[in-house]
Amino acid sequence: MDRFLAHLPIGAEPVPFDGSGIPGWEIFPFEGDLRIKTLEPPVLPEPPRDGEEGPDTCRTCADPERGAIWSDERWVLRHAGGPTAVPAVLLLWPRAHHDFADLPPDLAAELVPLQQRVEKAIHALGGIARVHITKVGDGASHMHWWFVARPEGLMQLRGSCLVLWDDILPRQPEDTWRAVLHAVAETMAAGGGTAHA
Ligand SMILES: [Zn+2]
């Protein structure tokens with residue numbers, strides 16, 4: 001058994017959790033009787049992620065401006081596909097097919113300033129307390145950074161559960177969502193590149 005798995009109850013009846021950590025905090029979106037799923041055995045080798053075998057197999061490379069709200073020659077900022085419950089959920093990716101670890105130095109040097117621009121453009125909406133910026137990459141190998149905005153004052157939505165709350169709360173109306181995309185796109189374009197929303 002792998003050294004990282006030996007302590008885990010794979011395939012066994014899950015042990016009840018004690019409510020410490022996030023499930024015991026006010027930021028956890030659920031209450032009542034919750035049951036942990038049975039942990040499935042590892043799948044090795046793991047199935048390839050989208051684009052893992054190169055740009056020819058990559059959905060992002062096939063249509064880099066899918067859902068774009070802003071872009072320039074090297075980067076695209078897009079929406080997540082439809083209205084969200086939280087004010088904004090956006091993704092930033094390079095046009096070129098790279099994962100984070102193999103991002104060339106010139107693109108790597110542009111990344112943090114661009115992340116700052118996106119965060120500031122979302123804050124410029126007003127009423128935003130925080131913008132969470134994350135790279136996960138379990139679905140696609142073409143690097144994409146998530147920007148998820150928390151509305152000011154909703155203290156229960158702090159932290160890593162924000163994305164769970166976004167999935168379970170009612171979505172904002174389509175016209176509100178489109179106005180948010182437009183505002184962020186215009187703010188971004190004021191610093192260079194082209195607005196598409
Ligand atoms: Zn790609």
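Tutor: Here we go through the chain, the zinc site, the strands and the pockets in turn. This is a predicted model, where local features need pLDDT of at least 70, side-chain atom pairs count only at pLDDT 80 or more, and totals for chains, interfaces and linings use all residues. Residues are numbered from 1 along each chain as its sequence is written, and side-chain values use heavy atoms, with hydrogens and water left out.

Student: What makes up the protein chain, in helices and strands?

Tutor: It has four helices and six strands, in the order α-β-β-β-α-β-β-α-α-β. Helices (H or I, at least four residues) and strands (E, at least two) are DSSP runs, numbered from the N terminus. The C-alpha trace spans about 55 × 45 × 25 Å along its principal axes.

Student: How do you know which residues are the protein donors of the zinc ion?

Tutor: Donors are N, O and S atoms within 2.8 Å of the metal (3.2 Å for Na, K and Ca), and water is not among the atoms, so sites may look incomplete. Cys58 (SG), Cys61 (SG), His97 (ND1) and His142 (ND1) lie 2.1 to 2.3 Å from the zinc ion, and these are its protein donors. Their spacing in sequence reads C-x2-C-x35-H-x44-H.

Student: Why is the arrangement around the zinc ion called tetrahedral?

Tutor: Four donors count as tetrahedral if all angles lie between 85 and 135 degrees. Here the four donor atoms subtend angles of 106 to 114°, so the arrangement is tetrahedral.

Student: Why does Cys58 count as buried, and what makes Cys61 partly exposed?

Tutor: Buried means under 20% relative accessible area, exposed over 50%, and partly exposed in between (1.4 Å probe, protein chains only). Cys58 has 3% relative accessibility, so it counts as buried. Cys61 has a relative accessible area of 25%, so it is partly exposed. Of the 197 residues of the chain, 34% count as buried.

Student: What makes strand 3 mostly covered?

Tutor: Six of the six residues of strand 3 (residues 89–94) are buried. Val89, Leu91 and Trp93 sit on one side and Leu90, Leu92 and Pro94 on the other, with both faces covered.

Student: How do you know which strands pair with strand 3?

Tutor: Two strands pair if DSSP finds at least two bridges between them. Strand 2 (residues 75–79) and strand 3 are joined by five bridges, in the antiparallel sense, with Leu92 as the bridge partner of Leu77. Strand 5 (residues 145–151) also runs antiparallel to strand 3, with four bridges, and Val148 is the bridge partner of Val89.

Student: What lines the largest pocket?

Tutor: A pocket is an open set of points on a 1 Å grid over the protein atoms alone, where a 1.4 Å probe fits, with protein on both sides within 12 Å along at least five of seven lines; lining residues have an atom within 4 Å of a point. The largest pocket has 16 lining residues, and Val89, Trp146, Val148, Val163 and Asp166 lie nearest its centre. Helix 3 (162–168) gives the most to this lining, with four residues.

Student: And what lines the second largest pocket?

Tutor: Its lining includes Leu91, Trp93, His142 and Trp146. Helix 1 (59–62) and strand 3 each supply at least two residues.

Terms used. Tetrahedral: all angles 85-135°; square planar, octahedral: opposite > 155°, others 65-115°.
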